[in-house]
Amino acid sequence: MGRKNKAPKRSVKDSSRLIAESQDDLSSQNREPSVPCADNATTEVPNHSEPESVVKTGIFVAVIIFLVMFRIGFAATFPLETGGDGDAYHKMIRNGTSSLVHMAGYPFLFHHIQHWFPTNRSLLLCQHGISLVCFLVVMILIRRRFGLLTSVVFGCLYGLDVGILSGVSVTRPEWFQGDLFLLTLVLAFEAYSAGTLRRKVTFYLLSGLTFTWSLLVKLLTIILIPIYFNLFLFDHAERKIKFCCVAGIALIAFVNLMIFVHVFHFPSTGTTQLTHDKGWIFFKKIKMVLPREKINGDVGINMKRYLLLNSYFPKEMFEAENIPIYRTFSHIDGIDKSKREQGQALFDDISRLSESEMDARLAERQLDDDFIGNYLTTYVYLGLPETDALIGKIFREMIVRYPGHYAMNVAQGFMRSLFYSPSVPRLPILRGLHEAKSGLQTIWFDPDDILSNFDWGYVSFKNSPECSLFYSEPRVWKPGLVFFSYWSKIRIPTWLRWLLILSGFGIAAIRFRKNRHLDPALFYLTLAVLSILSFMLLSNLVFVFRWKEYQVINPLWHSAVAVAIHCILFADRKEVPGKWASDANRISCAS
């Protein structure tokens with residue numbers, strides 16, 4: 001029989017030496033407090049060799065340089081567009097005024113830096129610079145969480161999308177809201193994934209700041225509130241830490257709102273109410289929901305009051321009366337008080353009538369489409385808050401009276417939103433390169449209509465009536481115009497976006513069922529898709545989903561596609577790229 005090997009005995013002195021060495025190793029590590037996580041949270045970080053890390057960093061930097069140069073070429077090609085609503089926003093930026101028909105967060109911020117950018121060209125470069133900073137921050141954070149490939153895919157989808165870049169070249173707020181929308185979600189997700197207290201609190205507060213200003217730019221991003229609820233619900237930080245983060249976000253929102261209202265909005269408009277265009281939006285929605293023959297007194301008593309009231313007002317619209325729309329909504333008392341006193345006295349008399357008396361008067365008066373669409377004149381003669389309140393009641397009456405019509409309109413609008421894609425980009429292109437018909441969303445330049453040539457390849461085209469709606473001087477860089485006219489034809493179909501997202505979601509869900517861990521990719525993809533769908537739904541509930549709303553969700557959509565591709569490519573990998581372990585909150589669903 002062989003002899004058994006016995007483990008060598010350790011002396012007390014050797015044991016003490018080992019304990020001391022272990023204590024020295026622990027003391028040399030970073031002692032920043034970590035956030036308490038679930039018991040099954042992993043703590044191992046994938047080790048990558050230093051040469052490999054250098055190569056990846058070099059690739060990342062090279063991609064960023066390429067995307068920056070691409071954006072510089074775009075910004076150098078086209079002038080700043082200031083047409084349509086962009087003209088109103090441009091005047092608000094330059095004059096430092098607010099409005100009650102447009103949310104003024106975007107003009108407020110850019111007005112206070114516009115003295116550094118006095119020309120339209122410099123303002124254009126400023127907008128692209130701010131958008132570029134937001135874009136690079138998102139790229140860096142996506143690389144940190146999901147690795148180099150996912151970050152590069154997102155960067156190319158976003159950075160080479162001329163639809164996004166053309167939106168930045170316009171004095172409208174949708175591009176800014178879209179960047180803040182994406183940045184808010186990515187910062188909040190980084191906070192959720194953080195493993196240290198300082199990092200978690202910092203990123204939650206930063207996301208609260210960007211969320212606040214996305215609301216002040218336009219209110220539809222309010223749908224992020226349920227997303228925050230989900231993040232805090234699944235976050236494994238202690239309750240007191242989450243409470244402090246929520247309190248901090250609320251404080252940041254309150255302080256910034258007070259600064260915006262009392263420093264900029266109230267001195268300009270005379271009211272703390274952020275907008276007074278709800279009646280405008282709601283009545284347009286009513287006309288979308290109901291056929292013309294149903295827009296009558298059957299909707300409810302407030303509709304009868306509205307119809308009878310408008311039958312006494314002049315039929316002329318704003319231009320005929322020489323009453324500009326934006327002056328009407330520039331101040332709470334933007335219209336002569338005598339007109340409002342006349343309208344309010346008439347409305348008080350009508351409000352005292354019984355429903356049968358109103359029916360009798362309506363039968364006596366001839367009502368046509370001019371009366372139905374006269375809600376803008378109602379603002380003039382009744383007042384901004386009074387008209388908002390009246391049409392808000394009509395909107396609620398319409399939903400109660402015709403719930404089927406309303407639900408069908410919202411459902412159809414939501415389905416159209418899922419596959420919405422602008423037929424042509426909103427930028428000047430050479431005629432003949434797109435099959436879509438010319439319209440207000442696209443400016444066509446005829447190659448033979450060059451008016452004059454300038455240095456460095458810049459040319460000036462003839463200022464057609466269509467072009468004059470958008471540009472005061474259509475001077476463009478001709479090589480860039482030719483390139484981007486062709487490049488704008490390259491787009492990812494909406495159906496392919498959804499196919500990639502659903503494929504990535506399905507693969508990640510299968511992996512989740514196997515290991516019972518909700519990894520960050522699946523969680524982020526879920527939050528992004530919920531945000532996109534909620535935004536589409538809310539748009540259709542209150543009005544309609546248009547190219548404006550598409551511009552807001554487009555950056556977030558690109559990030560969802562990139563993470564979905566990540567889920568597909570790394571479906572069977574035990575070790576995925578990105579900093580998962582030391583920071584990520586792994587959620588256990590094991591019983």
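This is a predicted model: local features need pLDDT of at least 70, side-chain atom pairs count only at pLDDT 80 or more; totals for chains, interfaces and linings use all residues.

User: How many helices and strands does the chain have?

Analyst: Helices (H or I, at least four residues) and strands (E, at least two) are DSSP runs, numbered from the N terminus. Here there are 25 helices and seven strands. Contact means heavy atoms within 4.5 Å. Of the chain's contacts with a separation of 6 or more, 76% are between residues 24 or more positions apart.

User: And how do I read a pair of helices, say H8 and H10?

Analyst: Two packed helices are described by the angle between their axes and the distance between the axes. Axes are lines fitted to C-alpha atoms, for helices over the stretch in contact, and angles run from 0 to 180 degrees between N-to-C directions. For H8 (residues 174-193) and H10, the axes come within 10 Å and cross at roughly 10°. That makes H8 roughly parallel to H10 (angles under 35 degrees count as roughly parallel, over 145 as roughly antiparallel, 65 to 115 as roughly perpendicular and the rest as oblique).

User: Which residues of H8 and H10 meet?

Analyst: H8 brings Phe 181, Thr 184, Leu 185, Ala 188, Phe 189 and Tyr 192, and H10 brings Leu 224, Ile 227, Tyr 228, Leu 231 and Phe 234. By class, that contact has ten nonpolar, one polar and no charged residues. Ala, Val, Leu, Ile, Met, Phe, Trp, Tyr, Cys and Pro count as nonpolar, Asp, Glu, Lys and Arg as charged, and the others, Gly among them, as polar.

User: At what angle do H10 and H11 cross?

Analyst: The axes of H10 (residues 224-234) and H11 (residues 239-269) come within 11 Å and cross at roughly 160°. That makes H10 roughly antiparallel to H11. On the H10 side the contact holds Tyr 228, Phe 232 and Leu 233, and on the H11 side Lys 242, Cys 245, Val 246 and Ile 249. The classes are six nonpolar, no polar and one charged.

User: Now burial. Is Val 186 buried or exposed?

Analyst: Buried means under 20% relative accessible area, exposed over 50%, partly exposed in between (1.4 Å probe, protein chains only). Val 186 lies in H8 and, at 5% relative accessibility, counts as buried. Setting aside neighbours within four places in sequence, Val 186 touches Val 138, Leu 141 and Tyr 524. For contrast, Ser 503 in H23 (residues 494-515) is partly exposed at 29%. Across the chain, buried residues make up 50% of the 591 residues.

User: How many residues of H3 are buried?

Analyst: Eight of the eleven residues of H3 (residues 85-95) are buried, so H3 is largely enclosed by the rest of the structure. Among them are Tyr 89, His 90 and Arg 94.

User: Which residues have the most contacts inside the largest nonpolar core?

Analyst: A nonpolar core is a set of buried Ala, Val, Leu, Ile, Met, Phe, Trp, Tyr and Cys residues joined through side-chain atoms within 4.5 Å. The largest has 82 residues, and Phe 154, Ile 501, Tyr 524 and Trp 557 have the most contacts inside it. Apart from it lies another core, of 39 residues, including Trp 280 and Tyr 379.

Terms used. Residues are numbered from 1 along each chain as its sequence is written. Side-chain values use heavy atoms; hydrogens and water are left out.
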